[in-house]
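Here is a short report on helix packing and a pocket in one protein model. Have the sequence and the structure to hand as you read.

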Amino acid sequence: MVGGGVIGVGAAYALARAGVRVALFEKATLACEQSSRNWGWVRTLTRDLPEVPLAIRANQLWGDIQTRIDVGFRRTGMLYLQESDADAAGHQAWMERARMYDIDARQLDRREALAHLPQSSRPWTGAMYSPTDGVAEPLVAVQGIAALARQEGAIIQERCAVRGVERAAGRVAAVVTERGRVAAQAVLVAAGAWSRLFCGNLGADFPQLKVRGSVMRTQPFDAGLSAAVNGKDFTCRKRADGGYTVSQFGASMADLVPDSFRLMRHFIRPWLANNTFVRLRFGKRFFQELATPRHFATDRESPFERHRVLDPMPSRQGVAQAWRRLSDAFPIFRQARIAHSWAGYIDVTPDAMPVMDAVPGLPGLYLASGFSGHGFGIGPAAGEAMAQLIQGTTPFADLRPFRFGRYTE
């Protein structure tokens with residue numbers, strides 16, 4: 001297992017529970033990147049339809065995990081707020097499409113929606129609501145699931161980078177780590193924003209780019225808001241420590257890097273369609289990635305050891321704008337104090353859906369990456385599905401929409 005984020009530890013836990021010998025290697029520390037830097041949402045609402053079965057199963061698994069170890073999971077409810085008939089129609093259309101999965105979602109009118117909210121200055125007309133969606137605490141959750149995996153017999157090694165894989169008789173035979181070789185019949189790459197570099201060194205061209213997402217949190221404060229809220233131009237959720245996590249979709253930024261041009265044919269249309277959500281920037285990141293070798297040997301220090309953690313600076317403008325929009329919508333937040341802001345690199349694909357598949361041409365190698373900012377909430381279910389795929393059993397969800405080769409078909 002390559003990568004100690006929520007997907008990797010989720011798969012390790014599922015495999016270990018099934019009696020499979022598992023070793024997970026993380027180049028730095030568990031959840032050191034996006035798995036600890038996300039919003040902490042556990043949602044079914046507005047997901048692409050192929051992800052909905054994963055989201056429903058994940059909600060069940062989060063509940064089971066919470067009974068075994070505290071990961072901060074609470075079914076707080078989730079609201080997607082509306083200000084117009086067009087907003088309501090869009091939400092209704094999504095619910096109709098997702099109805100086949102027996103989702104727990106409904107429309108609230110203005111009075112019902114306001115009952116969940118503090119006093120607001122914005123003219124909310126209603127909301128799409130799921131009472132069983134909720135939140136978990138990202139860092140605590142990944143560490144907790146890893147602890148459960150260890151209890152089931154999984155070996156988890158931190159500060160041990162995987163440099164590559166060895167093959168014998170045409171299939172994966174081992175991983176090569178900075179501490180030595182480890183025999184393996186199957187290898188799952190769940191390396192987040194590093195997955196393209198890792199796969200590319202093996203000859204597999206995975207179309208993935210990085211988007212910087214910025215987030216902030218408040219000091220403990222009671223705003224009378226317990227449900228997670230998407231207010232269209234801001235998001236907010238209550239934290240277990242008593243504060244709130246706040247962000248917005250427009251706080252995301254994509255650095256122009258050499259891969260931006262190599263993959264332009266895959267990404268140009270999504271960029272044009274989402275230019276209000278993701279802003280492009282040219283800066284020193286271009287030259288940092290230009291200097292990173294795309295091909296490297298496994299008998300010497302790898303790029304994963306030279307730069308173990310991606311730790312970008314948050315967008316000051318992005319988090320300030322999110323805070324202003326939240327406090328304008330709910331004036332009570334003007335009494336709160338901002339405690340901290342941070343950023344992380346989200347691993348994105350051209351269609352904003354993950355790859356969860358065996359890697360073509362490399363028998364024994366599997367990939368679960370490119371979750372495009374939706375991975376934390378479905379992490380345990382994605383891990384379970386990959387564990388089933390690796391074991392040769394039929395996954396509980398249809399993984400064909402997440403096949404590796406869909407970008408070249």
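## Helices α3 and α13

The axes of helix α3 (residues 52-68) and α13 come within 7 Å and cross at roughly 95°. The two helices are therefore roughly perpendicular to each other (65 to 115 degrees). On the α3 side the contact includes Leu54, Leu61, Trp62 and Ile65. On the α13 side it includes Phe376, Ile378, Pro380 and Glu384. Contact means heavy atoms within 4.5 Å. The residues of this contact divide into twelve nonpolar, one polar and two charged.

Axes are lines fitted to C-alpha atoms, for helices over the stretch in contact, with angles from 0 to 180 degrees between N-to-C directions. Helices (H or I, at least four residues) and strands (E, at least two) are DSSP runs, numbered from the N terminus.

## Basis of the model

This is a predicted model: local features need pLDDT of at least 70, side-chain atom pairs count only at pLDDT 80 or more, and totals for chains, interfaces and linings use all residues. Residues are numbered from 1 along each chain as its sequence is written, and side-chain values use heavy atoms, with hydrogens and water left out.

## Helices α1 and α6

Helix α1 (residues 6-17) and helix α6 (residues 138-151) have axes that come within 8 Å and cross at roughly 25°. α1 and α6 are therefore roughly parallel (under 35 degrees). In α1, Val6, Val9, Gly10, Ala12, Tyr13 and Ala16 meet Val142, Ile145, Ala146, Leu148 and Ala149 in α6. By class, the contact has ten nonpolar residues, one polar and no charged. Here Ala, Val, Leu, Ile, Met, Phe, Trp, Tyr, Cys and Pro count as nonpolar, Asp, Glu, Lys and Arg as charged, and the others, Gly among them, as polar.

## Ile390

Ile390 is found in helix α13. Leaving aside neighbours within four places in sequence, Ile390 is in contact with Leu15, Ala186, Leu188 and Tyr366. Leu188 lies 202 residues from Ile390 along the chain, yet their C-alpha atoms are separated by 8.3 Å.

## The second largest pocket

The second largest pocket has a volume of about 600 Å³. Of its 24 lining residues, the closest to the centre are Arg21, Val22, Ala23, Ala183 and Ala184. Elements that give two or more residues to the lining include β1 (23-25), β10 (180-183) and α13 (375-391). β10 gives the largest share, three residues. The lining has 16 nonpolar, six polar and two charged residues.

On a 1 Å grid over the protein atoms alone, a pocket is an open set of points where a 1.4 Å probe fits, with protein on both sides within 12 Å along at least five of seven lines; lining residues have an atom within 4 Å of a point. Grid points are joined across faces, edges and corners, and a volume is the space filled by probe spheres set on the points.

Notes
Parallel < 35°, antiparallel > 145°, perpendicular 65-115°, else oblique.
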